[in-house]
Amino acid sequence: FERIRVYNYGHDDIPLNLSLAVGADYADLFEARGHERARRGSRLATIPCEDGLILGYEGLDRATRRTHVRCRPAPSGVGTDCL
């Protein structure tokens, strides 16, 4: 879990656009330890949803893994153009 807070200690409201880029590499335990794999699975299309994104990966074992990135409060917009 991550928490990002932005404070304004001034007296006036200040308009602010905050953008975050997220991703997932789905590296396995051996890759994390520095061993390279000859082959990897494939990333699935990123799915924007009401409260964030769903990232997906299909492994060489044909198992699908998904990571749901949720935002509270829900973002005013979600895009997949930079992933």
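## Salt bridges at a glance

Let's start with the charged pairs: this predicted model contains 3 salt bridges, where a salt bridge is a side-chain nitrogen of Lys or Arg within 4 Å of a carboxyl oxygen of Asp or Glu.

Because the model is predicted, local features need pLDDT of at least 70 and side-chain atom pairs count only at pLDDT 80 or more, while totals for chains, interfaces and linings use all residues. Residues are numbered from 1 along each chain as its sequence is written, and side-chain values use heavy atoms, with hydrogens and water left out.

## Arg70 and Asp51

One of these bridges joins Arg70 to Asp51, with 3.7 Å between the closest N and O atoms. Arg70 sits in strand 3 (residues 64-70), whereas Asp51 belongs to the loop between strand 1 (42-49) and strand 2 (52-58), so the bridge ties together parts that are 19 residues apart in sequence. Strands here are DSSP runs of E with at least two residues, numbered from the N terminus.

How open are the two partners? Arg70 is exposed, at a relative accessible area of 59%, while Asp51 is partly exposed at 22%. For these labels, exposed means over 50% relative accessible area, buried means under 20%, and partly exposed is in between (1.4 Å probe, protein chains only).

Another bridge links the side chains of Glu58 and Arg62, at 3.3 Å from N to O.

Asp61 pairs with Arg65, and here the closest N and O atoms are 3.0 Å apart. In this pair the acidic residue, Asp61, is the exposed one at 52% relative accessibility, and Arg65 is partly exposed at 35%.

Turning to sulfur, which disulfides does the model hold? The count is 0, taking a disulfide as a pair of cysteine sulfur atoms within 2.5 Å. In general terms, a disulfide is a covalent bond between the sulfur atoms of two cysteines.

For Cys49, the closest cysteine sulfur is that of Cys71, and the 8.7 Å between them is too far for a bond. Cys71 is likewise in no disulfide, its nearest cysteine sulfur being that of Cys49. As for accessibility, Cys49 is partly exposed at 22%, and Cys71 is partly exposed with a relative accessible area of 29%.

Notes:
Helices (H or I, at least four residues) and strands (E, at least two) are DSSP runs, numbered from the N terminus.
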